[in-house]
Amino acid sequence: MFLGSPVIIHHTCCRARQAQPKQRGLSQSQQSTLEVCIVSAKSAPASPASGLAVCTICLEHMVPGDEFFKLGCEHQLHRKCMERWFEFSSKCPSCRQEVL
């Protein structure tokens, strides 16, 4: 009878942890406080190789019309990429600094 008790206690503890999930990323309301910018044709160089910002998540160059988050650490990442990133993390994927 004693051998079954630790399993029941462990099972109860696991259910208690599942009832209150820990938020790892940023909520939609937290994301709405971040600065969103749009790449303009004037700010984009003639060719991507001439210094256009690169999103460190998808590794694509920013092109005119792209929306991006400009984080406090000055890194610029595509908005769509960061929205997915924020589901799991609240830190910049480039430097790991807390975003808020």
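Q31 touches L26, F69, E83 and F86, leaving out residues up to four places away in sequence; a contact here is heavy atoms within 4.5 Å. This is a predicted model, so local features need pLDDT of at least 70 and side-chain atom pairs pLDDT 80 or more, while totals for chains, interfaces and linings use all residues. Numbering runs from 1 along each chain as its sequence is written, and side-chain values use heavy atoms, with hydrogens and water left out.

Q31 sits in helix 2 (residues 28–31); helices are DSSP runs of H or I with at least four residues, strands are E runs of at least two, and both are numbered from the N terminus. Is Q31 buried or exposed? Q31 counts as buried because its relative accessibility is 6% (buried is under 20% relative accessible area, exposed over 50%, partly exposed in between, with a 1.4 Å probe and protein chains only).

Now for the core. A nonpolar core is a set of buried Ala, Val, Leu, Ile, Met, Phe, Trp, Tyr and Cys residues joined through side-chain atoms within 4.5 Å. The largest one has 16 residues, and L34, F69, L71, M82, F86 and V99 have the most contacts inside it. Strand 2 (67–70) and helix 3 (79–85) each give this core at least two residues. Beyond four places in sequence, L34 is in contact with L26, F69, L71, F86, V99 and L100.

On to the cysteines: the disulfide count is 0, where a disulfide is a pair of cysteine sulfur atoms within 2.5 Å.

| Cysteine, in no disulfide | Nearest cysteine sulfur | Distance |
|---|---|---|
| C73 | C92 | 3.7 Å |
| C95 | C73 | 3.7 Å |

C95 counts as partly exposed because its relative accessibility is 34%.
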